[in-house]
Amino acid sequence: MTDQGFTADEIDTSRPHPARMYNYYLGGKDNYEVDREAAQRVIDLAPELVPMARANRAFMHRAVRLLVESGVRQIIDIGTGIPTSPNTHQVAHELSPDVRVAYVDNDPIVATHAGAHLLGTGNTGFLLGDLRDPQSILNHPTIGELIDLDQPVGLMLMAILHFVQDDEDPAGLVAAYLDALPAGSHLVLTHSTTDFHRSDPNWSQARDVYRDRRATAALTLRPYEQVLGLFGDLELLEPGLVQAPLWRPDGPAPTAEELSHIGFYGGVGYKR
Ligand SMILES: C[S@@+](CC[C@H](N)C(=O)[O-])C[C@H]1O[C@@H](n2cnc3c(N)ncnc32)[C@H](O)[C@@H]1O
């Protein structure tokens, strides 16, 4: 039994896992042969996955800075992934060390790494939980310790909702979390899409790797309107829902050539 309360048997290394595949895209070492093989097959079919993963992380940095600059002092980051420096709390703490961050993921491997990298500062915590069960996350003791649900919260759903199938009602799940959060809360969301690769057969083959190799979660890429619908009645902050590198870029705007590879939307919504 680990300190996260699960046994090593629960870590399934016989099938590729999205968190470990993503870790491979980002050049990490926290993955197994089965993950590397599936992830490399995806990269061979769709090499843009690597700049996409980087663009997603860069968006996270900019969005977290916006949350903290807007006065948010508590963040729930669901589907946080295997820790990749800098993580949400490190970005937030550069601006304000008092920000509290509750990390959530449903992967025991992520939990194992979280123990080493995401905890220990006194104002970060990790819980093993499933996005598709909002009440078990919102009522979890770790959330109770770190997050005051009467104060504005930054809810981060970064590159996770494409692992929720249509029949699992992703928009309804997002709404369930937002209903529990007060005015002044923010939703930070990224989601992958085929909008920029409609005619590329490699993309559907790459998606099939997640399906065929029975990666533990299948991928549902969504078009712009469906991703926009996930924000419900939140107010979208400028510049709205856009390809991730176009969202408040730090430096010069990305070129059309760079953007042509980025099948990731990103946006931040505000609850009035
Ligand atoms: C592509 S990674 C994204 C990591 C990080 N949020 C980022 O954007 O860089 C997706 C993460 O979501 C987690 N995940 C997938 N489905 C989930 C679910 N239903 N509940 C909680 N976590 C989930 C995976 O285990 C993985 O760690």
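**Around the ligand**

Author: By class, the shell around the ligand has 12 nonpolar, 5 polar and 5 charged residues. Here Ala, Val, Leu, Ile, Met, Phe, Trp, Tyr, Cys and Pro count as nonpolar, Asp, Glu, Lys and Arg as charged, and the others, Gly among them, as polar. This is a predicted model, where local features need pLDDT of at least 70, side-chain atom pairs count only at pLDDT 80 or more, and totals for chains, interfaces and linings use all residues. Residues are numbered from 1 along each chain as its sequence is written.

Reader: Which residues are the closest to the ligand?

Author: Ala 19, Gly 79, Gly 81, Asn 106 and Met 158 are the closest, out of 22 residues that surround the ligand. A residue counts as near a molecule or strand if its C-beta atom, placed from the backbone, lies within 6 Å of it. Two elements give two or more residues to that shell: α1 (18-25) and α3 (49-69). Helices (H or I, at least four residues) and strands (E, at least two) are DSSP runs, numbered from the N terminus.

Reader: OK, switching topic. What's the average pLDDT?

Author: The protein averages 90, and 91% of the residues score at least 70. pLDDT is the predictor's confidence in each residue, from 0 to 100.

Reader: And where does pLDDT stay under 50?

Author: Over residues 1-9, for which the model has 8 contacts beyond four places in sequence. A contact means two residues whose C-beta atoms, placed from the backbone, lie within 7 Å.

Reader: Now helices. At roughly what angle do α3 and α4 cross?

Author: Roughly 45 degrees, and the axes of α3 and helix α4 (residues 88-95) come within 9 Å. Axes are lines fitted to C-alpha atoms, for helices over the stretch in contact, and angles run from 0 to 180 degrees between N-to-C directions. That is why α3 counts as oblique to α4; angles under 35 degrees count as roughly parallel, over 145 as roughly antiparallel, 65 to 115 as roughly perpendicular and the rest as oblique.

Reader: Which residues of α3 and α4 make the contact?

Author: From α3, Met 60, His 61, Val 64, Arg 65, Val 68 and Glu 69; from α4, Thr 88, Val 91, Ala 92 and Leu 95. They divide into 6 nonpolar, 2 polar and 2 charged.

Reader: What about α1, which residues meet α2?

Author: Arg 20, Met 21, Tyr 24 and Tyr 25 of α1 meet Asp 35, Arg 36, Ala 38 and Ala 39 of α2. That contact has 5 nonpolar, no polar and 3 charged residues.
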